[in-house]
Amino acid sequence: MKRTILLSALLLSQFGTSQLLKTDGKKIVNDKGENIQLRGLGLGGWMLQEGYMLKTADFAGPQFKIKEKIADLIGQEGMENFYKAYLKNGITKQDIDFLAKSGFNSIRLPMHYNLYTLPIEKEEVKGQNTWLEEGFKMTDDLLKWCKDNKIYLILDLHAVPGGQGNDANISDNDKSKPSLWENEDNQKKTIALWKKLAERYKDEPWIGGYDLINEPNINFTGKNPNGTDEMSNAPLWKLQKEITEAIREVDKKHIIFLEGNGWGNNYNGLIPIWDDNMAFSFHKYWNYNNDETLKFALDLREKHNMPIWLGETGENSNVWFTELIQLLDKHNIGYAFWPMKKIDNIAGITNVKITPEYQKLLNYWKNGGEKPSKEFATKALMQIAENYKFSNVEIKNDVIDAMFRQTKDNSTKPFKNHQAPGKVNATDYDLGQIGSAYQDKDFINLWVSDAAKRSEWNSGNQLRNDGVDIYKTKDNNYYVGKTESGEWLQYTINSKTDRAYSFEIKYASAKDGKIRIEDGSGKQLSTLSLQSTGGNETWKTTSIKEINLKKGENKIRIYFENYGININSFELK
């Protein structure tokens, strides 16, 4: 009895001052009963790569195919050395410190099972589970960094033994081998892995929960190969219930997140809820940000009196991000954006820089031709692994600003410290919401039936994630292009004194055009007619006089009065 009392006192002490999460009706709360809205980021691309993250999607989507391509160039040992460096650099304490500082309070870890246990085909004894230390050590380290920053870590089994569906890229699914649903040993291994994880982390208050199976997408009885038309989903609910039961044998504290079929959103045939500490996870991409697109999830929450969590979203514009978070805040729904790092990334909070040498490997893999030497390929790949270090990535401040400040504040901030006299790059317009810092007619990506409503937002896919179209020139400079009548850009400029400046602009246009310059209050400062330069990247400089600025901060806007004027920069002299 005394030992029981002491143990109870220890647990009370440990969790009484912790922030252990649990469900309370439709809310997720901490152990003080306070509502917790998870504001998270998914570490996509670390333990599990999809082809589009490494720019190999055209010829190698699943991770195992990417590895085959790499091994063909630098050998099996070379490939393994690349992945060691990649995993070491991909996420470090610096990354987690940065996420916490930016405002995120949680992280979703997409796990590949093969870092924790062997595939069933490699087990020496059928039905046996060989445990690998690598994945557990990576998770331990990540959890420590999360604890140091007081942010939650949600474990997400992203690549399940055998693969959980027909979308092979998301689960590294080799379709020549039996899937999760076709092989009982794969299911048993999945259950055993979750039990092992739960046993290891059962007393960790900064574990936010267990996301059992990421984006199941399989046709058990329906016609759609990804399970969007499934009506019963019986095998999915059966397995998730069995996983839950195994977890609860060792861990009765942590939240369990369920995902439906059809990439997480098909909850048809859901059996009676089998646990009192569960939440639904849904995913949201490329649709409108309104109550209608959330209705199915809100209905789930209402019907079952359980929380809902947007476990994965992203891959869109800053406008879409701001609108989505405002919508989720309205409904008290937590979220995890996707992903943190990928190559040539404008839609995430960081960008991994590509190199000419890596581009040469991509060109060879896609088009064939002369095979790069092993030495060249090794050096190119190890440089990419080096570029994944936090100290080497490009921080996307515009995305962070859109996810946090802009959701509650429609004011603008300078993107850079512009001084007059001085030169201003056209791409360095202010930070802020559309309609406040800039105006653009194509600003989000919507996959809807009406193709006329689909847009690619920044069609140049360079530098920033707003609607403004930014392109790279042949000599690696940048310019704002694809401008249309009615679009505009705002710049905050500090002047040392009250005075009139000349305004010199570097532009290119295939036809004659006109711009209008106004101050932040709408007062017209000047107009400028621009003659055709003979081409979209044939640059010319022209100027006007008498742009009056006051001492201190000035906001000026450049309005486009017709289509097709490309701007590289302007200078106040």
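A: By class, the residues lining the second largest cavity are 5 nonpolar, 3 polar and 1 charged. In this count Ala, Val, Leu, Ile, Met, Phe, Trp, Tyr, Cys and Pro are nonpolar, Asp, Glu, Lys and Arg are charged, and the others, Gly among them, are polar. The model is predicted, so local features need pLDDT of at least 70 and side-chain atom pairs count only at pLDDT 80 or more, whereas totals for chains, interfaces and linings use all residues. Residues are numbered from 1 along each chain as its sequence is written, and side-chain values use heavy atoms, with hydrogens and water left out.

A cavity is a set of points, on a 1 Å grid over the protein atoms alone, where a 1.4 Å probe fits but cannot get out; lining residues have an atom within 4 Å of a point. Grid points are joined across faces, edges and corners, and a volume is the space filled by probe spheres set on the points. On this basis the second largest cavity has a volume of about 40 Å³. Its lining is formed by Leu-43, Gly-44, Gly-45, Trp-46, Tyr-86, Gly-90, Ile-91, Lys-341 and Tyr-388.

Among these lining residues, Tyr-86 also belongs to an aromatic pair. Rings of Phe, Tyr and Trp (its six-membered ring) pair if their centres lie within 6.5 Å; planes under 30 degrees apart count as stacked, over 60 as edge-to-face and the rest as tilted. The structure holds 27 such pairs. In one of them, the rings of Phe-82 and Tyr-86 have centres 5.8 Å apart and planes at 50°, so this pair is tilted. Both residues lie in helix α3 (residues 63-90), 4 residues apart, or about one turn of the helix. Helices (H or I, at least four residues) and strands (E, at least two) are DSSP runs numbered from the N terminus.

Of its 14 lining residues, Ile-28, Ile-36, Ile-308, Asn-332 and Gly-334 are the closest to the centre. Strands β2 (27-29) and β9 (308-314) each contribute at least two residues to this lining. Its composition by class is 7 nonpolar, 4 polar and 3 charged residues.

Two backbone features in loops complete the account. Trp-338 and Pro-339 are joined by a cis peptide bond, with omega about -20°; Pro-339 lies in the loop between β10 (334-338) and β11 (350-351). Lys-55, a residue other than glycine, has a positive phi, near 65°. This residue, Lys-55, lies in the loop between α2 (51-54) and α3, and α3 is the helix that holds Phe-82 and Tyr-86.

Notes: 1 Å grid on protein atoms, 1.4 Å probe; cavity = no way out; pocket = protein on both sides within 12 Å on 5 of 7 lines; lining within 4 Å.
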